[in-house]
Amino acid sequence: MKTVEKVVNTRKRAGEESPGKIYSDKLKVRARREWRGVKDTFYDYTRWLYLLSVLGKFIMVPRNIKGFFRYRWMMSYLFVPHGMDKFTVGLRDEALRIAHTSFNFVIADVTQAIANCFRGDRRVGNDKAYSDKCVITDENSMVTFMMGFDKEKVHTILREVPTMFASNIFHQFNVMHYLDVAQLNGIPGDVCPMPEAEAGISIEDDFCVLGCCAVQNNTTCDGSLMGNGIIAKRLERQYGIPTFQLATPLRHKEPDVLEYAADQIKQAIEFVEKHTGEKWDWDRYFAAAKRVNFATKCRIAQLEINSTPYPQFFGAAFSLYNDTNYMGNSGRDPEFIKIDKKLLALAEQGYKAKRMYAKEYRHRAIVWGVQPQYVIDMLYWMVQCWGVMPLADMLSIINTDMIADEDTPANREQAYRDMAMLNMEMIMRNHTHGGYKVLLDDLWELCEKMNADLVMMWEHMSCKALTGMHGMFEEQARERGIHIMWVSHDLCDPRVFTRNAIRDQVNNYMRTVMREEPLDPSLEHIPDDEAY
Amino acid sequence: MRDLKHLLYFENLLQEANNELIARAREEGKVCVAYTCENVPEPLLNLPGCFSVRLHAPHTGSMDIATYYMTNLLCEPSRALLERAVEGGFNFSDCVITPDGCTMMNRCVENMELLHTMGKDNPNFFHEYMEIAFKNSETDVKLSVLQCTNHVLKPLHEKYGIDVSDAAIRQAVADHNRLCRVIRAIGDFRKGDKPRITGYEFHILTLASYVCPKHLIIDKLEETLEELKTREPDEKPWRARVLLVGSEVDDSGFVKLIEECGAFVCADRFCFGSLPGRTEIALTDGEDALTQVCRHYIRSCQCPRMMNQEKVYSRKQYVADLAKEYGAEGIIYQQVKFCDPWAYERMLGSSMLQHDYGYPVLSVDRPYNIASAGGQMRTRVQAFVESIEIKKIQKGGKA
Amino acid sequence: MKKLVKIPLILLGILLGFFVVTFTVYIFNLDMKMMTFIEPLLEKWYNSREHDQYL
């Protein structure tokens with residue numbers, strides 16, 4: 001089997017040695033916050049204050065209070081600081097700053113998204129003029145088709161992000177109610193819980209109702225495609241909001257689907273123009289394309305740092321920041337450029353200083369598959385408890401090609417193909433769909449490139465595209481001498497796999513297969529199954 | 001009713017995937033094109049010189065090997081097919097053409113390819129994967145034409161020298177239409193109070209038309225049609241007439257089980273059923289045949305994967321229209337367990353057909369081989385039949 | 001003059017007080033502990049609401 005050189009941290013960790021003591025089996029939150037040494041604790045404290053200011057500013061607006069009491073999922077946002085603590089557990093120095101810089105920005109973005117939803121929501125803010133310029137899109141949707149619209153005039157509302165996706169990170173139980181609603185209405189319990197929960201939210205009437213139109217996508221999976229039908233029915237038939245289904249070919253590596261995909265993008269743009277009354281602007285598009293390219297370069301640079309013995313930007317923060325930037329932003333917001341630059345500078349600084357975030361790195365892991373929302377701190381735990389360093393995750397291995405970013409007549413046609421390519425190669429589906437090569441071969445290439453000896457394989461049990469290749473992963477990993485550690489879960493339903501049931505799969509693998517002892521035994525079993 | 005003359009013959013053909021007619025057609029020098037999804041235009045797989053066989057796995061028992069490769073969370077049809085392929089049950093195939101329709105079936109065929117389950121001694125053997133349309137627009141027709149050209153016609157021509165000309169396609173469509181006419185004419189005997197064919201018998205004939213070389217069964221199907229014209233229907237009325245909707249039914253035992261409970265399966269709206277699978281393709285001279293075939297498949301497609309809302313609603317309207325045409329008193333929405341597309345379609349369809357169209361609906365999931373859950377299913381169907389009868393009594397009709 | 005010295009001292013005192021209070025809340029996770037009392041009440045509130053279920 002392949003082995004990698006162990007990297008030992010020669011520096012003493014600032015503050016308390018182990019974050020294991022901050023958990024409590026009597027509370028649904030942590031007993032206290034982590035002591036990270038004076039400098040890092042103070043930094044973390046200031047970021048906590050910042051978060052409170054963001055949340056405080058939000059709740060000062062009367063319509064947001066109204067929305068808070070109208071929508072069950074808003075309960076999750078009581079626990080945003082608790083959620084943020086999951087992203088920083090055990091972190092110090094640059095990694096702590098990277099996690100805060102990236103995820104504080106994401107939180108501010110989501111908070112703004114909720115505020116926007118409430119502003120236009122017919123039941124809450126009911127700002128009709130605003131709502132008439134809003135376009136609803138899916139949570140798992142690239143918004144490339146909005147790149148050429150003025151974001152101050154046409155508002156892209158990814159209403160499923162705050163409602164389901166993000167809220168589940170802060171409160172692990174919040175989705176269960178909606179899953180129950182969906183199942184009570186006849187959807188079986190074996191489909192992916194994410195589109196199922198979204199369908200449940202729609203059935204329960206717990207989505208904000210706004211917008212002049214909606215654009216739906218089939219980007220992730222059969223479940224997502226099918227769940228959209230239920231959501232669209234309510235939007236169209238009850239609320240009179242026209243929907244457009246942006247069909248995105250699955251075999252995205254085949255050149256013979258590109259023209260169709262490009263045509264779908266054109267149709268989506270025309271649909272948005274028709275319903276918002278706003279015009280597509282090529283200057284705006286190419287400016288956004290430049291930003292997309294910049295983000296791509298930064299992501300590649302971050303991955304290059306992670307391919308060294310001293311990775312800096314890793315774990316859930318890396319993955320979720322990339323999701324937000326690549327998919328939810330798609331170059332539309334210039335603010336991301338500043339954040340990208342800051343993150344890269346911090347990572348370079350950490351790399352130069354050879355910063356490490358555990359006592360030692362014993363294994364270099366590629367994280368493949370889809371991470372469960374409710375154990376978002378898993379990868380930080382894995383490195384600190386077992387010394388397994390997550391170098392890159394499947395959701396962050398996205399497009400690395402530059403798109404046309406100069407405004408020429410030829411590039412205007414190319415632009416549709418670029419948008420189509422990005423749309424087809426949305427996070428996750430660029431590996432889970434499009435043939436087995438993008439799922440299997442890409443993984444082994446990445447292992448080689450990043451010098452990984454282990455694959456931590458998230459087996460999202462309802463994700464048929466992934467589980468359908470289970471045996472092939474096993475066989476091909478064996479042929480290549482790469483350890484494959486299966487970790488099963490059910491994405492956002494903690495009743496199926498609790499947090500400890502998930503972590504125990506790693507514990508068992510490390511003890512029985514790898515014959516290793518934990519770096520930090522106090523972390524092996526954390527009493528957080530009942531915590532939010 | 002008197003037994004149909006050829007029923008046993010057709011039943012025997014369904015006992016194994018590698019039926020005797022496949023061997024005979026191959027001996028004739030024809031190329032065997034295996035496929036797994038109804039969205040592949042069937043006439044293109046039946047051009048002169050080749051014949052299509054829809055893969056199925058009768059009498060599936062253990063699926064241990066397939067479960068290792070695909071886990072027990074994938075739908076049973078996909079695992080059953082992989083298991084059969086690993087066992088060598090599909091070695092008659094000269095190629096496999098599959099669309100990236102539903103993820104699980106696509107993964108099933110990909111596993112077949114990676115495990116080299118077929119074509120070991122055939123250097124021309126190939127696997128092809130197609131993108132299929134999501135909507136019923138002309139753009140989707142264009143996509144379908146391109147996909148069929150690149151992933152069906154080209155490889156068949158290049159590997160096996162199959163004639164893929166317009167004339168050849170027209171010939172294949174004419175043969176296809178002949179088969180469709182017969183099946184639909186037979187299916188029409190299910191209409192009316194005293195049907196001359198049972199749902200089970202019809203299912204056997206329809207399934208055979210997908211899994212056998214068509215040119216070798218057409219004469220017997222036509223003979224069966226003639227026989228039905230004079231067949232005396234049973235006097236004893238059925239307790240209820242039901243329309244069966246949902247994912248593929250490869251196990252005729254399921255239809256038999258329903259009918260044993262007293263419910264006549266008067267129409268079949270499931271994958272690889274006759275509605276709309278056995279609808280004639282009308283060709284005109286003004287346009288190339290390939291485009292017209294693709295358009296036909298896109299327009300008539302009732303696959304839940306079609307995502308535009310017009311299609312979403314029209315699928316339910318189609319079911320309601322069939323229920324009216326075939327005199328169904330209830331609808332059974334069924335889904336093979338773990339099938340994602342039909343899981344959602346079943347939920348929305350059963351709700352709309354019940355609330356918007358006023359039909360009693362039974363919504364169930366089931367295994368691939370009904371024998372493993374026969375008891376539970378029988379109880380559900382019996383209860384459903386009784387509920388239909390009670391409704392009839394409440395409306396003042398005869399039970 | 002006295003006043004000029006007093007103002008920064010008051011400001012410093014306020015800042016210090018703010019820091020002591022907020023830091024105590026921060027380090028002992030009092031903000032989140034308080035939320036654990038509010039959450040069940042909110043859940044009751046959401047459960048009591050009528051919902052227009054629609055398929």
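Visitor: What should I know about the numbering and the model?
Guide: Residues count from 1 along each chain as its sequence is written, and chains are lettered from A and ligands numbered from 1 in the order in which they are written. The model is predicted, and local features need pLDDT of at least 70, side-chain atom pairs count only at pLDDT 80 or more, and totals for chains, interfaces and linings use all residues.

Visitor: How many residues does the contact take from chain A and from chain B?
Guide: Chain A gives 41 residues and chain B gives 41 residues. Contact here puts C-beta atoms, placed from the backbone, within 7 Å.

Visitor: Which element gives the largest share on the chain A side?
Guide: α9(A), with 10 residues. Elements giving two or more residues there include α9 (222-238) and α20 (470-480) of chain A. Helices (H or I, at least four residues) and strands (E, at least two) are DSSP runs, numbered from the N terminus.

Visitor: Now the sheet. What order do the strands take?
Guide: The order is β3-β2-β4-β5 in chain A, an open sheet with parallel pairing. Strands pair if DSSP finds at least two bridges between them.

Visitor: Which strands are at the edges?
Guide: β3 (155-157) and β5 of chain A, each pairing on one side only.

Visitor: How many bridges join β2 to β4 of chain A?
Guide: Three bridges join these parallel strands. In one pairing, Val135(A) has Cys213(A) of β4(A) as its bridge partner.

Visitor: What does α10(A) touch on the sheet?
Guide: α10(A) packs against β2, β4 and β5 of chain A, and its direction makes about 165° with that of β4(A). Axes are lines fitted to C-alpha atoms, for helices over the stretch in contact, with angles from 0 to 180 degrees between N-to-C directions.

Key: Two residues are in contact if their C-beta atoms, placed from the backbone, lie within 7 Å.
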